[in-house]
Amino acid sequence: MDKVKAPPLTLASLTNVFLKAGNTTFGGGDPTMMALKRELGERRGWFSDEQFALVFSLARITPGTNVLAFCAGAAYLMYGWVASVAAVIAASAPSAVLTVWLTVVFESADRNPIAKMTVSGVLAAVVGMMGAAAWQLTKPSFQGKGWLRIVALTGGTLLLREAWGWTPLEIMALAAVIGAVWREM
Amino acid sequence: MNLVLLYFLLLKAMLLSFSGLSSLPVIEADFVEKHHLITERQLNTAVAAGRSGPGPLGLYVVSVGYMAAGIPGAAAGYLAMVSPAFFILPILRFFANRATNPQVRGAIRALLLSAAGLLISSALPIGRATLTDGVMVAVAVGSFVVLAFTRVETLVVVAGSAVVGFTAALLRG
């Protein structure tokens with residue numbers, strides 16, 4: 001994806017990105033974080049891959065909802081604590097209102113099949129979105145012997161998670177230790 | 001229902017969890033079994049509502065708060081959900097100050113590749129549940145191509161996918 005000149009980073013423009021990404025992505029926190037990575041990093045150039053890795057990892061060890069910790073941490077790195085508070089509220093308040101409305105609807109009626117199919121369409125896009133994010137994360141390592149790192153760390157993560165049921169926390173702790181001692185990375 | 005108590009009960013559940021629905025057992029024990037603030041069916045409805053809209057899975061605590069005490073309860077649930085997020089700031093300051101250390105840099109680069117594996121892992125159950133026909137597979141592949149190789153805004157892709165899903169549902173009657 002070609003980079004263009006980054007637009008100016010302001011509190012309003014930053015909050016607007018969190019508002020859009022936080023309240024339009026379905027499927028849990030990971031798709032939201034990937035949408036934010038793309039919008040803040042690849043499209044606007046405000047947030048580096050290294051910053052993403054740091055905040056993504058620390059959000060996993062922060063109690064509570066990972067994606068909100070991610071929003072708080074990412075916005076803090078880019079614009080300070082005021083942006084951190086604004087980002088968390090922008091990314092979650094509209095969805096919270098919608099959740100209350102859905103609660104009322106679910107208590108009174110069965111789900112509409114057309115609405116269900118519409119959400120399925122969005123979830124299919126989420127699968128593509130997460131694949132694209134994984135591609136963006138691994139792309140810089142597709143040079144020289146970088147594929148070894150992809151096999152070891154990306155493939156190893158997938159194996160540990162899917163075949164042996166390790167938790168993300170355990171996997172990321174192991175990856176961090178490997179990264180700290182594997183100097184060629 | 002005392003709103004302060006409601007807030008602290010939900011906050012306790014959030015502080016004892018590290019992902020969206022992992023707070024569920026604590027909430028079930030406190031709200032359904034111990035204090036009888038909501039029923040098991042209401043808890044299931046709250047989880048369904050939290051999963052059906054956009055945003056984090058943890059949003060179901062807002063619904064639990066609403067079930068227990070109406071709109072003020074939903075507000076208490078919302079505050080309990082967002083409060084722990086700010087614990088990341090002191091942790092972040094600690095690590096950001098050490099970001100130039102070669103070992104920390106190596107760890108961060110390894111975490112990037114590990115994160116890619118975790119993302120694929122998270123996408124698998126969504127894919128298994130959603131990619132059940134050619135239309136949905138096409139939407140997923142098309143979204144991947146557009147998002148990986150163009151600068152089209154994510155919201156446009158999400159909205160376009162919703163339109164495709166809606167149209168497919170109408171055509172199937």
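Which domains does the domain assignment of chain B give? The answer is domain 1 (3–86), domain 2 (100–124) and domain 3 (131–173). The model is predicted: local features need pLDDT of at least 70, side-chain atom pairs count only at pLDDT 80 or more, and totals for chains, interfaces and linings use all residues. Residues are numbered from 1 along each chain as its sequence is written, while chains are lettered from A and ligands numbered from 1 in the order in which they are written.

**View 1. Domains 1 and 2 of chain B.** Their C-alpha centres lie 31 Å apart. The bounds come from an automatic or database domain assignment.

**View 2. Helix α6 of chain B, residues 102–130.** Helices are DSSP runs (H or I, at least four residues), numbered from the N terminus. α6(B) has 29 residues and reaches 42 Å from first C-alpha to last, close to the 42 Å expected at 1.5 Å a residue. That expected span is 1.5 Å times one less than the number of residues. In α6(B), 21 of the 29 residues are buried (20 or more other C-beta atoms, placed from the backbone, within 10 Å of a residue's own; exposed means 12 or fewer, partly exposed in between).

**View 3. The kink in α6(B).** A kink of about 25° lies at B:L124, shortly before the proline B:P125. The bend is the angle between axes fitted to the seven residues ending there and the seven starting there.

**View 4. Residue A:E42 in helix α2 (residues 29–43) of chain A.** A:E42 has 19 other C-beta atoms within 10 Å, so the residue is partly exposed. A:A91 is 49 residues away in sequence and 19 Å away in space, C-alpha to C-alpha.

Terms used: Helices (H or I, at least four residues) and strands (E, at least two) are DSSP runs, numbered from the N terminus.
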